[in-house]
Amino acid sequence: MKISPLKDYKKPLYAIGIAAAIAATALTGCGEVEYAGTADTKPTESQVELSGNVAMAPEETTRETVNSLITAGIVSNNID
Amino acid sequence: MNLTLHLTDNCNMDCSYCIREKCPKDMSEEVLYKACDLAFSKGTRAGLCFFGGEPLLKKDLIYKALDYCEKKSEETGIRFDCKMTTNGTLLDEEFLERAVKAHLGIGMSFDGKAQDVCRVFANGKPTSSVVEEKAKLLLKYMPEASALATIAPQAVPFYAESVRYLHELGFKHVSFVIAYGHKVNWTDSDLDLLREQLEKTAVYLKDLFIKKDRFYMSALDSKISDCIRGNNTAERCHLGVRQLPVTPSGELYPCTSFIGDKDYLLGNVFDGIDNKKVAELAKKSSTPETCKGCDLVKRCTNSCGCANRMNTGNENQVSPLQCTYERMLIEISDRLGEELYQTDPERFAKKYS
């Protein structure tokens, strides 16, 4: 094992694809790309991770949104 | 603000990779309440993480902290969040009922099929059968509870099997990290085997994705999520800024691995935080020199001062072990991400974005 900085790393296509989909939805304001709405599951600055690897509950409004999405099977509860 | 309360330095288990020295020192009620007050003294949220040793050895303190903080939250309007990391062996229905009421998030340290390899009771007896039963009890009360697995070199052959086992047991969230610190000795062949196990795990995760089985495995899934969101998980670990551990005697340190090193003492719950020392520490924090030219600098945990200190003794110096492991994780998670994205882009976005 050794420390070896990586060069010429290409950002994966999945990340580029999702970012493009979200940007497209933001520009058009349409609801066609349903999953773009899950952007609000991203924790805010105040949702701090404590040590111990367990995610804290997000802010109430976000948590309600997320819980409803989880219940509906729309997103996974992976806010950490 | 967020505090991690080391309610006791005692533990009923004796894990081979644990870097904490066990001793029968418990937090006093005075320190506990002062720590709660400190958590409410800054910011718009108060967060407590019950930690140890084994925190369930001090259930009485947890009940007192919950009662006190819930009341304080009502009085002040400041939001209160809490969580706990436990080995699970002392969980019972009474505690879980109170935990559910308090919205206490529980992470159960559970190494899956490797449990008895590294995690035994203090008397040397195996823990797996007890912990499995307690995991079922935990999931009955908290279906979203997490399993936290720590993989030491001798547990690597069980890695993929452990992911499957914890999933089949009912966990929807599992976190797998490798053991760092002076108690473990990783070799190149361990890491070769770890790569094989991670590849197997990726195949299993893909299978679950295809079956629409909701499951989140942090070692790989979090790398995919963070890549999409542009997050760097390790950036959350600003030593002494975002959270502070509180020792049983009430001392404050930047992170768990710094406890006991007086150079890093940042205050105590009686006199408060030494903001000058916190600022000095923040100023010292920097990207390791060896990582500055690396394209993955924002995707790996090189900035985790706690891991760096455990591996190299210096919070700003990354270890070859961590570099090798992180590159491996990113490579495998990127490949998994591409496969899942090609399989079902919409569901992929729902899961990870």
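# Chatting through a two-chain model

Modeller: Let's start inside chain B: B:Phe95 is buried, with a relative accessible area of 1%. Buried stands for under 20% relative accessible area, exposed for over 50%, and partly exposed for what lies in between (1.4 Å probe, protein chains only).

Colleague: Thanks! What sort of model is this, and how are residues and chains labelled?

Modeller: This is a predicted model, where local features need pLDDT of at least 70 and side-chain atom pairs count only at pLDDT 80 or more, while totals for chains, interfaces and linings use all residues. Residues are numbered from 1 along each chain as its sequence is written, chains are lettered from A and ligands numbered from 1 in the order in which they are written, and side-chain values use heavy atoms, with hydrogens and water left out.

Colleague: Back to B:Phe95, then. Which residue does B:Phe95 pair with?

Modeller: B:Phe95 forms a tilted aromatic pair with B:Tyr63, at 5.9 Å centre to centre and 45 degrees between the planes. Rings of Phe, Tyr and Trp (its six-membered ring) pair if their centres lie within 6.5 Å; planes under 30 degrees apart are stacked, over 60 edge-to-face, and the rest tilted. B:Tyr63 is in helix 2 of chain B and B:Phe95 in helix 3 of chain B, so the pair ties together parts 32 residues apart in sequence.

Colleague: How many aromatic pairs are there over all chains?

Modeller: The count is nine. One of them is B:Phe40 with B:Phe80, which is stacked, with 6.1 Å centre to centre and 25 degrees between the planes. That pair links distant parts of the chain, 40 residues apart: B:Phe40 is in helix 1 (residues 29-41) of chain B and B:Phe80 in strand 4 of chain B. Helices (H or I, at least four residues) and strands (E, at least two) are DSSP runs, numbered from the N terminus.

Colleague: Are B:Phe40 and B:Phe80 buried or exposed?

Modeller: B:Phe40 is buried at 6% relative accessibility, and B:Phe80 is buried at 14%.

Colleague: Which residues form one aromatic cluster?

Modeller: A:Tyr14, B:Tyr341, B:Phe348 and B:Tyr352 do.

Colleague: And which charged ends sit over rings?

Modeller: Among them, the charged end of B:Lys113 sits over the ring of B:Tyr165, 4.7 Å from its centre. Another example is B:Arg347 over the ring of B:Phe209, 4.3 Å from the ring centre. The rule asks for NZ of Lys or CZ of Arg within 6 Å of the ring centre and within 35 degrees of the ring normal.

Colleague: New topic: where does B:Asn87 lie?

Modeller: You'll find B:Asn87 in the loop between strand 4 (79-86) and helix 3 (93-101) of chain B. With 3% relative accessibility, B:Asn87 is buried.

Colleague: What does the side chain of B:Asn87 make a polar contact with?

Modeller: With the side chain of B:Asn12, at 2.9 Å. A polar contact is a pair of N or O atoms within 3.5 Å; within protein, one must be able to donate a hydrogen and the other to accept it, and residues adjacent in sequence count only if both atoms are side-chain atoms.
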